[in-house]
Amino acid sequence: MRVLVCVKRVPMTGGTIVLTDDDRAIETRHLGFTISPHEECGVEEAVRLVEANGGESVVLTLGPTEAEEQLRDAMAIGADRATHVVTDGQEWDPQATASAILEAIRDDEAANGPFDLVVFGNESADAGNFQVGIRVAHALERPVATGLKALTVDGGTARCEQETAGGRDVYVLQLPAVVTVKEGLNLPRYPSVPGRLRAQRKPIETRTPERPAPRLAMARLVVPEGEGKQAEVLGEGAAAAPRVVEVLREIGVLA
Amino acid sequence: MTTLVYLEQTDGAVDEPSLQAATMASSLGGGAEVHAVVAADTAALAPAGQLPVDAVQVAVHEAFGSYAPLAVAEAVVELAGRLGATCVVGPGTERGNEVLAHVAALLDLPLAANCVAVADAGVTRVRWGGSLLEEARVDAPTLLLTVQPHAVAAEPGAGDPPSVETFTPTLSDAALALRVVERVGAATGGVSLADARVVVSGGRGAGSEEGFAPIEELAELLEAAVGCSRAVTMAGWRPHTDQVGQTGTKIAPEIYIACGISGATQHMAGCKGAKRILAINADREAPILQSADYAVIGDLHEVVPAISAAIRAARSG
Amino acid sequence: MSTALSAVALLAALAVATALFARRAHLLYRIVRLGKPTDRSGDLGRRTKAEATVVLGQRKLLQRIVPGLVHAFVFWGFIVLAPTIVMALLGAVDADWTFPWLGHQGWYFLLVDLFCVLVLVGVVSAFGIRKVQRPARFEGSHLREADVILGLIALIVTTLLGWHATQIALGLNEWPAGWSPVSDALSGLFGDGEATEAFERAFVWLHVLTILGFLVYLPYSKHLHIATAGINVWFGRTRARGRLEPLDFEIEDESALRLGAGTLVDMTWKQMLDTMSCTECGRCQDVCPAWATGKDLSPKLLIMGLRDRLFAEGPAVLGGGEATALVPGAVTDEVVWDCVTCGACVHECPVSIEHVDHVVDLRRHLVMSESRFPTEAGTMLRDVGRSSNPWGKAQSERAAWADGLDVRVLEPGDPAPEILYWVGCAASFDERARATARATATLLLHAGLDVAILGPRESCTGDPARRMGDEFTFQEQARQNVGTLGDAGVTRIVTSCPHCFNTLGNEYGDFGGDYEVVHHTELLAELLADGRLQPPVGEEAITYHDSCYLARHNDVLAAPREIVSRIGRPLEMARSGKRTFCCGAGGAHMWMEERGSAINEERAREAAATGADTLAVACPFCTMMLDDGVKQTGGELRVADVAVLLAEALERV
């Protein structure tokens, strides 16, 4: 089977978010980067599916040149090859992202046949737009199930479990299909060193499309207020317990 | 001008985030008429009560017997077209975002998800699960947006209750096929994390799977749900369903007791809905203290059992 | 028997014994040849010194004086009595033959008598230790085999005495009998007739056959150590005990890539030799903090397990068979992860076995080839790689501890400081260890040093990843840091963390990083001696805990004690200096759950038992672990870094 998984390079913010001087980006000078958490599980799932069913997994990202690091990480876990839609570091809005990804998918499918499954993260950790996967599914005219915590592929169908309050809802999709997944789908493996070394040599195809004019355009970023408050220290160590009980009583959670 | 707001409902009552979305929709101004749309499989499930809208349209189709996101979206699109809506609003819940994303794809229009404010110049929406805000301009003839839960307070409608009409949408085969076919029951008993009134969580400071014992003890005394940070899930100490955070469960308790959790932004994004936060941490410089209402400085293995003991004493004494 | 017949008999016996011995020895040699390469060349001076002190001088054995002397008697006896083997071989052929010159030296036969007695004393004492005292270190050792060996040694020595006694009785001795009082006295039991002649032949032949039999038995038993130990000591580490040998990832051919020890053919020849040198003495087991707290790991049993696998599978592999996985077959996963890399085992081992290298190589394979390791440690490995520190905290906050202090943060392009203070991840991010950073910086600035820190550009040295076995991540960190330090023009580094101290000083050299690295206690002691810091003398009872990576791996013992004795009244724990007992954080255990009872609690109890008010440490891990240990055992001891105590003392001026 053929599986495509789409990932995004996001910074690993710590305890506070600091913006650049122009308020248009997060200051990332001393931050590490990773594949957005939902998508890490997507990559692991794609690799597992191909391990079980044979075939090929492809990882794709739309991002700056540095995003190659995330593609290599995904290939170290086991993705066979990668496609890098290279940007100049500027943000692409969800529609632009979706159409660029769509172009890449169409070209790949024309050359290599359809992807049984295209996997997205439910939303990216940073922008959190919740829509790229669904847009791509519409353009491909394929069914899409979102927010999945479990996925089983059997023959030509995918059984998809979406977590809701009080349980899980199940969809059954005919392949080829699109899914968006959430962290908790699986526990991503730690890449082996042979995997990491092989990943250095696996092929990455690059494309550099023009960025269309954004229709959802970020003007500036703002760190929300209320982050600077200081907690009322109720005490230190076990001695604080009585005061805590008082507070719980005041709130009304102490029956 | 017409604004259309999509409402989710459970057992005939409109969900809180949808009420908030309706409130936001009705405050958009410009003299727009606000129509609400709900999807149901019988007309009898039309929402009751005061809604801050001018009219309610119920899309009735047997497909809506179970959740069918594309079908709902097609119904919304049909109605929006009929009404000539200039703005379509939905709740910023998982499903609200899903439905509106389908709407956006069908209409090939931009969607601003999880907005906290809307103005002429554009929208203010949430990034990083709430730890960052984005001011953005939308370039589209029709504005599509979802409303971040708890961004506005729901207000009932003033004046006459809205009129209610039904209609039967025309649905595509694809829409009819994309539906929930089965429900798989909840794994555990106990309090559900997302609904709990009190949540007690442990982080790296718990030290091990066994280290959660005092936390579970306190949770039991308070009839609370037990949560954890991402570090704990990644260490394999607790299942992902217990994880509170941007990529885990978002909680909204009366009080959130965070033990041995440093307060990374992705974790705080999950507990922003908490009315109050009590942080128990040995590090008085931990970031969480800047978001917490109360703090106890100390080792959770000393503090938490002491609190449990004090609660027992208070109850028996 | 005629001389000719005896000669034939002896030659036959010698040939058979030698052949059997050689065949087995050759097999063992071929097995060791399967081992992967490792560079143990050069440093001839130190190697010779090691042979002289450890082998000849029995230095490590004498660390335990009674069993040490027992062994020394037997060993020195073996050396002194060596010429008597030749004498006996030839004497078995011809009773009249005498060893030229030496056979006439009375003083030599005095030595022979003396050492025969000492060997017997040794053997009897050994039996006493094994049968009466029954020390715990023998748990798991093959005691029956040892009894047989001791018996054979006793037999060799008594038959030698018997032979000399009967020779004297028959007047065959070419040395003055009075010089060998024991043999002389025993000769009184024998007349000078035919019976004694028969006894004389019997004694010498029994002596010879016992020796030849022993020779054959040697390579099948742990007595093999008499051949291998000397070689193993020669090839032991001569410098930088704390340095692990790096792996080479730049190899084109993936199948030639060595990622630690997965099967026996991945072991280095030195590791194989290690297993063949083990005598099962159990000294390592006795000092292992994991074993002491009820865990599965015993360094002795680890080496024995690997040895047994080597012997069981080695011949098959030489014949073309496949080697099977060492973990969990020869060594369990638990044993591999229990180790805190404290090196107490290596310090005790009389034959220079390097247990820590074995453990790390086993870990390397599990982590890098199989991704099989305790789940909670995986978070640490990912964090080191992506966030540049093992706690996944934001690097931008790394210098937050220095807020309010006048510490210069080195920006790219700034001139290099005279000395760079490398803070380390623990002191940067842990609330207890931050006090050490603040105190150290304050003291160095107070003393007027031109010191700076790297701040957010300081990233984890990679030590925890390396000790976990993730050599790949470690090397990425090493290269990155060497680059940063090189760009900044740093040549001299002071650090308050012994792990950083060890890695920067001993291990970064393999990656192009050449710096003069000192531990903060060394620098502070120097400043005290120079009078640049003048604290008042203190009276508080302080017990100092030696960090494994400082004292045992790197020989820094005196400097922290100089500071402690200036500012307080020092009290030593029993397990101190190079025999210190680990705090439990080493070997990446800071990030792993501990099964069984806690190492840090054990040490906290030992510290409290000294009666001191303060427990002084010189390592951020020790600070955290021992503070936890004190709290968990309900103690009142204050745990503080030496720098913190010194800074407080200076404030009292």
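These legends accompany close-up views of a predicted model. Local features need pLDDT of at least 70 and side-chain atom pairs count only at pLDDT 80 or more, while totals for chains, interfaces and linings use all residues. Residues are numbered from 1 along each chain as its sequence is written, and chains are lettered from A.

**View 1. Chain B meets chain C.** Here 16 residues from chain B and 15 residues from chain C come into contact (heavy atoms within 4.5 Å). About 1100 Å² is buried between the two chains, with carbon and sulfur atoms giving 45%; this is the accessible area (1.4 Å probe) lost on being put together, summed over both parts. On the chain B side, Arg204(B), Met234(B) and Asp283(B) lose the most area to chain C, together 42% of what that side buries.

**View 2. A salt bridge between Arg204(B) and Asp383(C).** The closest N and O atoms of this pair are 3.5 Å apart. Across the interface of chain B and chain C there are 3 salt bridges (a side-chain nitrogen of Lys or Arg within 4 Å of a carboxyl oxygen of Asp or Glu).

**View 3. An open sheet in chain C.** Its 5 strands follow the order 1-3-2-4-5 with parallel pairing; strands are DSSP runs of E, at least two residues long, and pairing takes at least two bridges. Strand 1 (408–409) and strand 5 (516–519) of chain C are at the edges, each with a single partner strand, so one side of each has no neighbour in the sheet. Take a look at Val409(C), which stands opposite Ile453(C) in strand 3 of chain C.

Conventions: Side-chain values use heavy atoms; hydrogens and water are left out. Helices (H or I, at least four residues) and strands (E, at least two) are DSSP runs, numbered from the N terminus.
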